[in-house]
Amino acid sequence: MYPAPFLYHRPSGLHQALELLSRHKTDGVILAGGQSLVPRMNLRQETPKNVVDLNRIADLSTLAVVDDVLEIGAMVRHQSLCWDAEVSGLSLPSGFAQLLGRMAGAIGNLPIRLRGTIGGSLANASPKAQWALLSLLLDADIVIENAGGARCERYAEFLNRDGRTTLKPGDMITRVKIKVPSAHWRYGFAQLAPQQNRPTSAFALAAVTLQDACVRDCRIAVGACTPVPCRLQALEDWLSGRPASVDGGNDLADVAKAAVRQQAFDLEPYLEHLAAVAITRAVAQALGH
Ligand SMILES: Cc1cc2nc3c(=O)[nH]c(=O)nc-3n(C[C@H](O)[C@H](O)[C@H](O)COP(=O)(O)OP(=O)(O)OC[C@H]3O[C@@H](n4cnc5c(N)ncnc54)[C@H](O)[C@@H]3O)c2cc1C
């Protein structure tokens, strides 16, 4: 399994990379961690004539908090967000920092996490990608640049309902921006897979704030079992205002199933069931059960 011949470009600056992508709009492709692109090239599912490698561009690997916004460079590796040292240096609320670590740590295995990047993951638009779920839940902004300029898109607009991104030839994701949530938010994340190291069947992410022992704010997203990750507004509305001791039992599971059905109409019943299991677990964790 060898890729078709291609020209390899290794720019050391962003401007140079964007120029190359502009010049090779019709037959060029970005190489980030290579964890998805290289297998596809080896299988000749993709046969680009020009490969633009971003690994030398230091500006794309930065991690910073600017005005209460976490800015993650597109080339930041999954594993960098697992390592406490890197994340804790940013003074993030501990619940949020732990959430980043948990999401990153749930991706594939160590070699994949060491190479794979957040930008590559979002561009790849897999419905089983943890960063997609997080970006949807936390209304991440995706910064996209090309030789003509830059634009910023909310994740829910960046990923269409048909699972395609708004990326056009010549575009590059350069950063992901997430408003740092206040320390009041509590999180739950549940991921179901048939076996260890097997693809995820369903995952769900819940975030809540509490007031007077009741749920005040609530955000819930589900993915992997649905064609694209979805926010579950109906379930969020149902949960808001309820006591934090709300039983994660049948009612919650039934409302979760109905909410999933609203977003993904023709899901197989077993996938609906898996979604409901992941959601109830994530919500229970967030509520501290
Ligand atoms: C065995 C295995 C298990 C995996 N398990 C998981 C998992 O559990 N969860 C998960 O989320 N992922 C998983 N992955 C995918 C992995 O996380 C990759 O890191 C992810 O697909 C992104 O790939 P990358 O950074 O290596 O990008 P590449 O493979 O280099 O690129 C992927 C695509 O994105 C484009 N691209 C890359 N960077 C940019 C950019 N900055 N702007 C625009 N386009 C860009 C490329 O041109 C290419 O089309 C798995 C992969 C493997 C092989």
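## Exercises: a pocket and a ligand site

The largest share of the lining of the second largest pocket comes from strand 8 (residues 172–179), which gives 3 residues. Keep in mind as you work that this is a predicted model.

### Exercise 1

Describe the second largest pocket: find its volume, the residues nearest its centre and the classes of its lining residues.

**Solution**

Step 1. Start with the space itself. The volume of this pocket is about 240 Å³.

Step 2. Sort the lining by class. There are 8 nonpolar and 6 charged residues, but no polar ones.

### Exercise 2

Work out how the chain is divided into domains, and which of them supply at least three residues each to the lining of the second largest pocket.

**Solution**

Step 1. Domain 1 covers 7–53, domain 2 covers 58–179 and domain 3 covers 186–286.

Step 2. At least three lining residues come from domain 2, and at least three from domain 3.

Step 3. Taken over C-alpha atoms, the centres of domain 1 and domain 3 are 37 Å apart.

### Exercise 3

**Solution**

Step 1. The ligand has 29 residues around it, and I30, G34, S36, T117 and Q130 come nearest.

Step 2. Assign the shell to helices and strands. Strand 2 (28–31), helix 2 (37–42), helix 6 (118–124) and strand 8 supply at least two residues each. Helix 6 gives the most, with 4 residues.

Step 3. Assign the shell to domains. Domain 1 and domain 2 each provide at least three of its residues.

Step 4. Sort the shell by class.

### Exercise 4

Find how far oxygen atoms of the ligand are from polar atoms of I30, T117 and R40, and how much of the ligand the protein covers.

**Solution**

Step 1. Begin with the backbone. A polar backbone atom of I30 is 2.6 Å from a ligand oxygen.

Step 2. Turn to the side chains. For T117, a polar side-chain atom lies 2.6 Å from an oxygen of the ligand. For R40, the distance from a side-chain N or O atom to a ligand oxygen is 3.3 Å.

Step 3. Finish with the cover. On its own the ligand has 980 Å² of accessible area, and the protein covers 80% of that.

Key:
Residues are numbered from 1 along each chain as its sequence is written. This is a predicted model: local features need pLDDT of at least 70, side-chain atom pairs count only at pLDDT 80 or more; totals for chains, interfaces and linings use all residues. Side-chain values use heavy atoms; hydrogens and water are left out. On a 1 Å grid over the protein atoms alone, a cavity is a set of points where a 1.4 Å probe fits but cannot get out, and a pocket is an open set with protein on both sides within 12 Å along at least five of seven lines; lining residues have an atom within 4 Å of a point. Grid points are joined across faces, edges and corners, and a volume is the space filled by probe spheres set on the points. Ala, Val, Leu, Ile, Met, Phe, Trp, Tyr, Cys and Pro count as nonpolar, Asp, Glu, Lys and Arg as charged, and the others, Gly among them, as polar. Domain bounds come from an automatic or database domain assignment. A residue is near a molecule or strand if one of its heavy atoms lies within 4 Å of it. A polar contact is a pair of N or O atoms within 3.5 Å; within protein, one must be able to donate a hydrogen and the other to accept it, and residues adjacent in sequence count only if both atoms are side-chain atoms. Accessible areas come from the Shrake-Rupley method with a 1.4 Å probe; for residues, only the protein chains shown count as cover.
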